Amino acid sequence: MLHDTWTRPPPVILKYYLFQATMSFGFFWPVFTIFLLNRGLNYTQIGLLGSVSAAFIVVGEIPSGYLSDYIGRRRSLLLGNILLALSVFGFVVAQTFAAFAVLWILWALGIAFQSGSGDAWLYDTLQDRLREAEYTRVRGRGGSVNQWVSAGTMLTAGFLYSLDPRLPFVAGGLLLLSGVPVLLSLPASGRHANDDDDDSTDSDDTDDDDTVDDDDDDEFTILDAIPVIRRKLSEPPLRSFVLYTALFFAIINAADEFIQPIATQRLSLPQEGLGPLYTAFSVVAAIASYHAGTIENYLSTRWAVLLIPALVGIFFVAPLFFPLAAFPLFFVMKSANTVMKPIASGYINEHTESVGRATVLSAVSMVYALVRLPLKPLVGVVADVRTPLVALAALGCFFLACVVVFHTLESPVGSVEAETGVSSD
């Protein structure tokens with residue numbers, strides 16, 4: 001049991017944590033919006049770039065998810081990792097809106113190749129080698145590792161930016177590239193668990209009896225993918241759950257671009273203080289992510305999905321009346337985001353078969369991107385016409401209204417009996 005040996009995780013899990021450590025954007029994220037504003041962009045243009053990214057995620061998610069199921073999760077993760085690194089390095093030289101749009105497209109394709117593949121790889125690996133019931137716990141602790149690394153790198157962001165605005169992106173790109181050898185050392189999962197290129201993996205991580213029946217998986221073709229996606233996403237238990245979580249993650253994503261201008265312009269935080277501020281975000285988020293499985297067990301999936309997003313929506317409105325409330329809002333939304341990700345992906349994995357899992361998860365990411373597509377530029381217009389605080393309040397009111405609609409028409413997790421309790425046993 002993974003519980004019994006948790007103080008010494010298996011090597012495959014340690015490798016997963018190491019990969020999560022390389023996927024930090026901490027070197028440049030605390031200064032990202034300020035960097036873009038200083039390059040001549042406004043909030044509307046930044047929102048449009050987010051929509052460009054979301055549009056290409058929509059276009060790329062299904063093909064990338066199917067490709068991941070076909071060529072293997074590791075290869076898909078590797079391709080996504082390289083595309084993300086190229087995008088980050090591109091910010092060193094980009095100067096125009098068109099150039100930034102190209103970088104956002106590379107970023108979107110990198111995210112598309114990684115979005116379903118990472119969670120599908122982890123779930124299948126736990127299912128094949130350990131216990132899939134530990135998914136939320138392991139996924140949450142992997143997120144915690146990522147946040148702790150982000151906390152450390154974010155401390156340097158303001159200093160690097162003050163030396164040269166391009167340095168944070170050089171450091172960030174190098175960190176992403178360091179994930180390549182880690183990915184190459186990961187074992188394959190699912191239908192690719194017996195690939196020849198896994199011969200170099202740790203012998204104590206493999207079990208001939210735990211592999212998936214290749215005959216069944218080989219029958220999964222591109223013609224099979226569409227009906228699988230339609231069935232999974234158009235019926236309970238995933239139909240309203242995916243839409244609800246998509247809206248929650250979209251408002252977090254849209255609000256994130258306002259943190260830096262609100263902190264520096266409205267709350268008079270010096271730019272040098274952004275690194276420590278984001279470090280504090282990451283520390284709190286790391287602690288929250290580490291305990292994601294415990295939170296889900298204590299509240300149940302149903303109540304976690306209801307209470308956590310609703311609490312965030314309430315906090316979004318408060319800074320309009322009490323500007324200093326923006327600081328606790330930022331901490332709440334960062335922590336809630338890291339807690340909800342493993343809970344949401346765990347629930348989706350529990351209701352998805354191994355065959356085509358990455359394809360379905362990529363389709364879910366496509367839905368997430370579709371919701372972000374109109375939201376980010378619209379909120380950007382509100383921020384340009386009024387203020388970022390008004391934009392935050394508008395996001396909160398909109399989300400709270402949607403919460404009422406969702407729970408009136410079809411609850412995202414309809415009943416206790418519908419839950420699978422991914423880590424409750």
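Visitor: Leaving aside its neighbours within four places in sequence, which residues is Asn81 in contact with?

Guide: This is a predicted model, in which local features need pLDDT of at least 70, side-chain atom pairs count only at pLDDT 80 or more, and totals for chains, interfaces and linings use all residues. Residues are numbered from 1 along each chain as its sequence is written, and side-chain values use heavy atoms, with hydrogens and water left out. Asn81 lies in helix H4 (residues 73-90); helices (H or I, at least four residues) and strands (E, at least two) are DSSP runs numbered from the N terminus. With contact taken as heavy atoms within 4.5 Å, the partners of Asn81 are Phe19, Met23, Gln114, Leu176, Leu177, Gly179, Val180 and Leu183.

Visitor: Is Asn81 buried or exposed?

Guide: Residues under 20% relative accessible area are buried, those over 50% exposed and those in between partly exposed (1.4 Å probe, protein chains only). Asn81 has 0% relative accessibility and therefore counts as buried.

Visitor: What distance separates the C-alpha atoms of Asn81 and Gly173?

Guide: Asn81 and Gly173 are 92 residues apart along the chain. In the model, their C-alpha atoms are separated by 9.9 Å.

Visitor: How are H11 and H16 oriented to each other?

Guide: Axes are lines fitted to C-alpha atoms, for helices over the stretch in contact, and angles run from 0 to 180 degrees between N-to-C directions. The axes of H11 (residues 239-256) and H16 (residues 326-350) come within 11 Å and cross at roughly 155°. Angles under 35 degrees count as roughly parallel, over 145 as roughly antiparallel, 65 to 115 as roughly perpendicular and the rest as oblique. H11 and H16 are therefore roughly antiparallel.

Visitor: How many nonpolar, polar and charged residues does the contact of H11 with H16 have?

Guide: Residues of H11 including Phe241, Phe248 and Ile252 meet residues of H16 including Met333, Met340 and Tyr347. Ala, Val, Leu, Ile, Met, Phe, Trp, Tyr, Cys and Pro count as nonpolar, Asp, Glu, Lys and Arg as charged, and the others, Gly among them, as polar. By these classes, the contact has 12 nonpolar, 2 polar and 3 charged residues.

Visitor: What is the phi of Ser268?

Guide: Ser268 is in the loop between helix H12 (259-266) and helix H13 (274-290). With a relative accessible area of 59%, Ser268 is exposed. Although Ser268 is not a glycine, its phi is positive, at about 60°.

Visitor: What percentage of the 425 residues in the protein chain is buried?

Guide: The protein chain has 18 helices and 0 strands. Of its 425 residues, the buried ones make up 59%.
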